[in-house]
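Here's a quick tour of a two-chain model, from confidence through to the interface. Have the structure open while you read.

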Amino acid sequence: MGKDFSSALRPAIVMTILFAALLGLAYPLAMTGIGQVLFPVQANGSLVRDGNGTVIGSTIVGQAFTSNRYFQTRPSAAGKGYDGLASSGSNLGPTARALVDRVKPDVETRRGEGVTGAVPADLVTASGSGLDPDLSPAAALAQAPRIARVRGLPVERVRALVAAQTKGSLLGKPHVNVLALNRALDAAGSGAADDRAR
Amino acid sequence: MTLQGWILILGFVAILLVLAKPIGAWLFTLYEGRRTPLHIVLGPVERGLYKLAGVEPVQEQGWRRYALHMLLFNVALMTFTYAVLRLQGVLPGNPQGLAGLSPHLAFNTAVSFATNTNWQSYGGEGTMSNLSQMLGLTIHNFLSAATGIALAFALFRGFARREASTVGNFWADVTRITLYLLLPLCVALTLFYIASGVPQTLAGVVDVTTLEGARQSILLGPVASQEAIKMLGTNGGGFFNANSAHPFENPTALTNLVQMLSIFVVGVGLTWCFGKAVGNTRQGWAILSAMAILFLAGVTVTYAQEAAGNPILHQLDIAGGNMEGKEVRFGIAASALFSVVTTAASCGAVNAMHDSFTPLGGMIPLFNIQLGEVVIGGVGAGIYGFLLFAILAVFVAGLMVGRTPEYVGKKIEAREVKLAVLAIAVLPLMILGLTALSSVLEQGLAGPLNKGPHGFSEILYAFTSAVGNNGSAFAGLTANTPYYNGLLGVAMWIGRFFVIVPMLAIAGSLAAKIYTPESAGSFPTTGGLWVGLLVGIILILGGLTFMPGLALGPIADHLAMIRGQLF
């Protein structure tokens with residue numbers, strides 16, 4: 001067995017080094033090179049810039065919207081909310097008092113804004129990542145009356161914006177990207193050209 | 001539950017059934033060591049690796065030597081990763097300027113990735129540099145997967161060979177699986193993920209001024225290349241803390257479907273490859289049928305529970321299913337399906353937080369791991385785990401009819417049955433023992449986030465996930481402590497290699513036996529009766545031991561939820 005052991009030692013060490021070079025360096029670096037050439041936008045995070053070139057977000061990752069003027073995003077357990085360096089769900093179980101204590105005031109806030117009937121679940125629950133970029137159409141529409149009131153827009157106009165931004169497919173649930181929706185909202189409010197909304 | 005949800009679930013199963021044979025045939029080519037079209041490009045790489053490492057690929061190994069080489073390779077890899085993680089602070093590829101990991105966290109992570117568990121005591125974005133992700137972790141994603149498949153090949157050879165003293169060459173198996181299966185598929189998957197919006201860059205943090213004028217930091221990195229092998233190799237260790245729930249890891253419903261498919265595809269292919277190796281593909285289909293029954297039963301329970309939602313929230317007039325911990329773009333069906341897939345296989349990636357599932361919805365992932373992840377299972381580990389149950393099933397059938405049991409042409413005798421029981425007993429012994437220990441020790445009780453039965457579930461899930469080499473979590477548990485890092489690290493090691501060694505011993509023992517042709521008295525191992533027996537044995541022998549634990553955790557939690565009791 002002693003001879004077996006020493007004869008197994010060389011391939012174990014050499015293969016570790018060789019595979020580390022191949023799989024740990026060559027593979028990811030080659031994919032980075034190819035990805036940067038073929039899909040430069042996506043490979044760098046699908047960033048969105050405003051007219052001045054300032055990065056205002058990513059089409060993929062959610063950001064916090066808390067103002068009454070905007071469609072508000074879901075509660076987030078990522079850091080203090082939508083922290084891109086601390087993705088996390090709440091991890092609260094269904095019988096956790098802390099869950100009820102968090103949800104209750106949120107429901108009351110929505111009631112105060114005039115939401116009637118059952119509150120859409122995603123509007124008052126934290127997502128898995130804490131960086132959910134989307135809302136369900138119901139959760140967005142529930143906010144339409146408030147936004148119409150604050151912005152002085154006809155509520156049908158706001159609802160139409162939600163409908164225009166709703167994406168669905170055979171595979172996934174219909175959803176609205178909140179950043180895209182709010183940019184469309186800003187564009188509608190100021191009467192700016194449509195290209196700002198994209 | 002919705003029609004669209006069921007279309008997704010059944011469509012998912014249908015795609016896998018279609019893929020079983022082509023992937024299985026490709027695996028069989030590698031199992032046989034035959035030439036593939038990829039040899040034109042990668043053949044020189046393969047030969048170069050052998051030459052530098054001093055490996056003679058045609059030199060066959062007995063099970064003991066195969067095991068020795070496998071173990072030493074894993075120890076070397078683990079040591080390498082431990083060093084990379086500890087030295088992170090002084091190594092390049094660290095745009096965030098992160099410090100090296102603590103000894104207990106580096107130990108836990110190195111074991112975690114070497115054992116194909118990919119339990120994350122760390123939160124990706126705040127702990128791991130780009131270099132650590134690539135050089136420290138991605139290599140394990142490949143090689144722990146290749147090791148698992150190689151071990152399955154060794155066991156297949158045990159069944160297939162007659163009066164043989166060897167089960168293959170470990171280095172040839174691992175190298176071929178890596179070069180001709182995992183690497184090419186990962187290149188294709190990486191490109192698909194990048195095109196779908198998964199970042200692939202060496203840059204670090206991007207500063208964002210949000211539409212409301214707040215500051216947000218977004219972390220980028222070489223995510224796509226790791227994502228590809230993370231799923232295909234049933235590893236599951238995410239680039240980010242939130243794993244596949246993070247929009248950068250899993251941006252769309254389509255990437256989500258591809259991720260679920262890539263978790264299962266190799267495992268499904270291996271069932272066909274096994275049938276082919278033992279000369280009767282119906283043997284493989286029988287195994288796949290038993291797996292599919294258990295899988296669909298699990299999906300039905302979890303999907304129904306999550307769609308029904310939490311009555312405590314319904315009382316607050318919140319609509320519909322349970323969305324806590326779930327992403328809108330996936331919804332309930334795709335989240336429930338993902339959770340069952342990732343725990344049926346030993347993947348452990350998550351696209352929703354299992355800790356926030358309804359009690360019974362979250363019990364199925366837990367139970368899947370406790371069964372030994374034999375429902376498709378981890379790459380390699382699933383099929384060899386399943387074959388251990390098959391050995392017990394023919395043994396039980398043999399006891400009922402009073403004949404020496406046989407399986408695919410080999411007599412199953414006392415030695416094989418003892419070794420199979422030994423391997424299967426590791427799971428309940430370790431999971432229940434360590435959970436019990438942590439439920440009374442102060443250091444253990446410091447872990448759970450949730451109180452009441454759900455807190456117990458968090459501890460039970462952690463040890464189940466570690467011993468089962470799954471890596472998913474009821475993530476509320478604070479596990480980055482010397483106590484949990486150390487204990488879970490040991491649990492992962494035992495859960496992997498204390499199953500593998502008896503399994504390889506079975507392979508060696510079977511390979512040496514003569515071929516016993518099927519006779520009128522043989523118990524047929526292809527029909528519906530056999531599939532039913534397999535399902536029964538897995539549920540009774542694999543599952544029953546865990547019932548008291550499940551009663552204390554998820555079932556008690558469920559009863560509390562119905563009563564509206566809070567903790």
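This is a predicted model, and confidence in chain A averages a pLDDT of 92, with 94% of the residues scoring at least 70. Go element by element in chain A and you'll find the lowest mean, 90, in α8(A), while α2(A) has the highest, at 98.

Chain A splits into domain 1, residues 2–42, and domain 2, residues 45–197. Between the C-alpha centres of these two domains there are 42 Å.

An unreviewed UniProt entry annotates residues 12–30 of chain A as a "transmembrane region". In the model, that span is 100% helix and 0% strand, and its end C-alpha atoms are 25 Å apart.

What about sheets? Chain A has an open one of three strands, in the order β3-β5-β4, with antiparallel pairing. β3(A) and β4(A) sit at the edges, each pairing on one side only. Chain B has a hairpin of β1(B) and β2(B), with five residues between the strands. One of those residues to look at is Gly213(B), which takes a positive phi near 90°.

| Strand pair | Sense | Bridges | A bridge partner pair |
|---|---|---|---|
| β4(A) (166–167) and β5(A) (175–177) | antiparallel | two bridges | Thr166(A) and Val176(A) |
| β1(B) (205–209) and β2(B) (215–219) | antiparallel | five bridges | Val208(B) and Gln216(B) |

Last stop, the interface. How many residues of chain A are in contact with chain B? The count is 90 residues of chain A, facing 98 residues of chain B. Several elements of chain A supply at least two residues each to the side that touches chain B: the helices α1 (2–38), α2 (40–43), α3 (97–112), α4 (121–124) and α8 (178–190), plus the strands β2 (55–58) and β3 (134–135). Which of them gives the largest share? That's α1(A), with 23 residues. By residue type, the side of chain A that touches chain B divides into 47 nonpolar, 34 polar and nine charged residues.

A couple of elements turn up more than once here. α8(A), with the lowest mean confidence in chain A, also supplies residues to the side that touches chain B.

Note on methods: Residues numbered from 1 in each chain as written. Chains lettered and ligands numbered in written order. Predicted model: local features only at pLDDT ≥ 70, side-chain atom pairs only at ≥ 80, totals over all residues. Contact = placed C-beta atoms within 7 Å. Helix = DSSP H or I, 4+ residues; strand = E, 2+ residues; numbered from the N terminus. Nonpolar A, V, L, I, M, F, W, Y, C, P; charged D, E, K, R; others polar. Domains from an automatic or database assignment. Pairing = 2+ DSSP bridges. UniProt positions renumbered as here; feature names shortened; annotations may be inferred. pLDDT = per-residue confidence, 0-100.
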